[in-house]
Amino acid sequence: MEVAARKEKAEQLTAVALKAFGNVVAEWGVPVNEAAALADMSESTWKRARKPGYSGGLTKDQMLRLSAVIGIYKALKLYFSDPIATKWMTLPNEGPLFRGTRPIDTLIDEGLPQFLAVRNYLDALRGGA
């Protein structure tokens, strides 16, 4: 019984994380191919995963990526006003982590350590770290 309860809880967490992530990338205007890359999924898997009732699981790495994106979204909303908060991830950035590229590109290219670095960077900007 306990195993079934843990599996159900994991499925619920996956559903919530995927829905939140999907809402964030939609608000940012991220195309399907980039959203899939952010989530470390193929495009076809991302297309299935964003639909209600997705029965596939997520790896720990994927859950951390989705969680970091949600944290980045929150930090951007707290630090910037719209429309910058919404566009920041897709605009070229001269900040120390980005070297003139779009923050989203650095996440895709550099992986999970960059997700965490960007989240920490934004938290530090707003005085939270």
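**How do we know? Questions about this model**

Q: What makes Arg-99 exposed?
A: In this predicted model, Arg-99 has a relative accessible area of 57%.

Q: Where does Arg-99 lie?
A: You'll find Arg-99 in the loop between H5 and H6.

Q: Which other residue has a positive phi, and where is it?
A: Look at Asp-40: its phi is near 60 degrees, and it isn't a glycine either. Asp-40 sits in the loop between H2 and H3.

Q: Why is Asp-40 called partly exposed?
A: Its relative accessible area is 43%. Under 20% would be buried and over 50% exposed, so Asp-40 falls in between and is partly exposed.

Q: How do you know that Glu-110 and Arg-99 meet in a salt bridge?
A: Check the distance between their side chains: 2.8 Å, N to O. The cut-off is 4 Å between a side-chain nitrogen of Lys or Arg and a carboxyl oxygen of Asp or Glu, so this pair qualifies. The two partners are eleven residues apart, with Glu-110 in helix H6 and Arg-99 in the loop between H5 and H6.

Q: What makes Glu-27 and Lys-77 a salt bridge?
A: Here the N to O distance is 2.7 Å. That is within 4 Å, so the pair counts. Glu-27 belongs to helix H1 and Lys-77 to helix H4, 50 residues apart, so the pair links distant parts of the chain.

Q: Are Glu-27 and Lys-77 buried or partly exposed, and how do you know?
A: Glu-27 has a relative accessible area of 33%, while Lys-77 has 29%. Both values lie between 20% and 50%, so both residues are partly exposed.

Q: Which residues form a network of salt bridges?
A: Glu-27, Lys-77 and Asp-82 are linked this way. Lys-77 also meets Asp-82, at 3.1 Å from N to O, which is again within 4 Å and so a salt bridge. In total the structure holds six salt bridges.

Q: What stands out about the peptide bond from Asp-82 to Pro-83?
A: It's a cis bond, with omega near 10 degrees. Most peptide bonds are trans. Pro-83 itself is found in the loop between H4 and helix H5.

Q: What does Trp-28 touch?
A: Leaving out residues up to four places away in sequence, its contacts are Val-69, Ile-72, Tyr-73, Leu-76, Ala-85, Thr-86, Met-89 and Thr-90.

Key. Residues are numbered from 1 along each chain as its sequence is written. This is a predicted model: local features need pLDDT of at least 70, side-chain atom pairs count only at pLDDT 80 or more; totals for chains, interfaces and linings use all residues. Side-chain values use heavy atoms; hydrogens and water are left out. Contact means heavy atoms within 4.5 Å. Helices (H or I, at least four residues) and strands (E, at least two) are DSSP runs, numbered from the N terminus. Buried means under 20% relative accessible area, exposed over 50%, partly exposed in between (1.4 Å probe, protein chains only).
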